[in-house]
Amino acid sequence: MIRTIVQIGNPALRQVAKPVDVNQIQSDEIQSLIDDLIETMRHANGAGLAATQIAVPLRICIIEVSKNPRYPYKPEIPLTVLINPKVTFLTEERINVYEGCLSVPNMRGKVDRCPEILIEGCDREGQALSFISKGISAGTFQHELDHLDGLIYTDRMSDASSLTTLDEFADNYEEAFKRQVISIVEAYGS
Ligand code: NI
């Protein structure tokens, strides 16, 4: 079922989501919530979606990047369901990259992200997950995990002057950003 994605200003986006009881992951309630997140994200052409964005305060988020028209230059990420995820930064380095969010319609802004992270959590079968993500993809994971702590990318912007509408982004910044993405992919492999 396609759910309503709440927009910036909605208090649901500011809630710190609660951990999912691992014994409940296989329940119909959690499994259909995950199915709804996937359907809603794909319908909106998102690169990810957190449960808080459909006003469900549970620590579940999903990420998928495959030929995304909203982000045509992003490296692909296969569908990943993360339950109770934790992130560990593996480098002091930061990349400063444009992000957008389905809960902040029509906008992009630049955010500092760690380009090499360890993610641990559970998958939708309740199995432990542990993997390293790098480059632009690492930023995508950090964006979704932030939602579970009630944070929106605009909170992470050190310089609000980079905030731009999509049309202005396309006209003024997209070409340079594509070149930056290519150099990040060369440096980090994703
Ligand atoms: Ni978002």
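1. The protein contains five helices and eight strands, where helices (H or I, at least four residues) and strands (E, at least two) are DSSP runs numbered from the N terminus. Along the sequence these elements follow the pattern α-β-β-β-β-β-β-β-α-α-β-α-α. The radius of gyration, taken over C-alpha atoms, is compared here with a globule rule of 2.2 Å times the number of residues to the power 0.38. The protein has a value of 16 Å, close to the 16 Å that the rule gives for 190 residues, so it is as compact as a globular protein of that length. The C-alpha trace spans about 45 × 30 × 30 Å along its principal axes.

2. As to the basis of these values, this is a predicted model, in which local features need pLDDT of at least 70 and side-chain atom pairs count only at pLDDT 80 or more, while totals for chains, interfaces and linings use all residues. Residues are numbered from 1 along each chain as its sequence is written, and side-chain values use heavy atoms, with hydrogens and water left out.

3. Buried residues make up 49% of the 190 residues, with buried meaning under 20% relative accessible area, exposed over 50%, and partly exposed in between (1.4 Å probe, protein chains only). Of the contacts (heavy atoms within 4.5 Å) with a separation of 6 or more, 68% are between residues 24 or more positions apart.

4. The nickel ion is coordinated by Cys101 through SG and by His143 and His147 through NE2, at 2.1 to 2.3 Å, and these donors follow the spacing C-x41-H-x3-H along the chain. Donors are N, O and S atoms within 2.8 Å of the metal (3.2 Å for Na, K and Ca), and since water is not among the atoms, sites may look incomplete. Cys101 in strand S4 (residues 95-101) and His143 in helix H2 (residues 135-148) are 42 residues apart, a pair that links distant parts of the chain. Cys101 is buried, with a relative accessible area of 3%, and His143 also counts as buried, at 7%.

5. Six of the seven residues of S4 are buried, so S4 is largely enclosed by the rest of the structure, while H2 is mostly covered, with 14 of its 14 residues buried. H2 is followed by Gly150, whose phi is positive, near 75°.

6. S4 belongs to an open sheet of three strands in the order S4-S5-S8, with antiparallel pairing; two strands pair if DSSP finds at least two bridges between them. S4 and strand S8 (164-165) stand at the edges with a single partner strand each, so one side of each is left without a neighbour in the sheet. S4 and strand S5 (residues 104-113) pair over six bridges in the antiparallel sense, and they form a hairpin with two residues between them. Within this pairing, Val97 has Val111 in S5 as its bridge partner.

7. Two helices are placed against these strands. H2 packs on the sheet, touching S4 and S5, and its direction makes about 50° with that of S4, whereas helix H5 (residues 174-188) lies across S4 and S5, running at about 120° to S4. The axes are lines fitted to C-alpha atoms, for helices over the stretch in contact, and the angles run from 0 to 180 degrees between N-to-C directions.

8. A nonpolar core is a set of buried Ala, Val, Leu, Ile, Met, Phe, Trp, Tyr and Cys residues joined through side-chain atoms within 4.5 Å. In the largest one, of 19 residues, Ile34, Leu37, Leu49, Ile60, Ile62 and Ile83 touch the most other members. Helix H1 (28-43), strand S2 (60-65) and strand S3 (77-89) are the elements that give two or more residues to this core, and H1 provides the largest share, six residues. Apart from it lies another core, of 16 residues, among them Ala47, Ala50, Ile117 and Ile119.

9. S2 and S3 run antiparallel and are joined by five bridges, with Ile62 standing opposite Val81 in S3. Not counting residues up to four places away in sequence, Ile62 touches residues including Leu37, Leu49, Val81 and Glu144. Five bridges also join S3 to strand S6 (residues 116-122), again antiparallel, and there Ile83 stands opposite Cys122 in S6.
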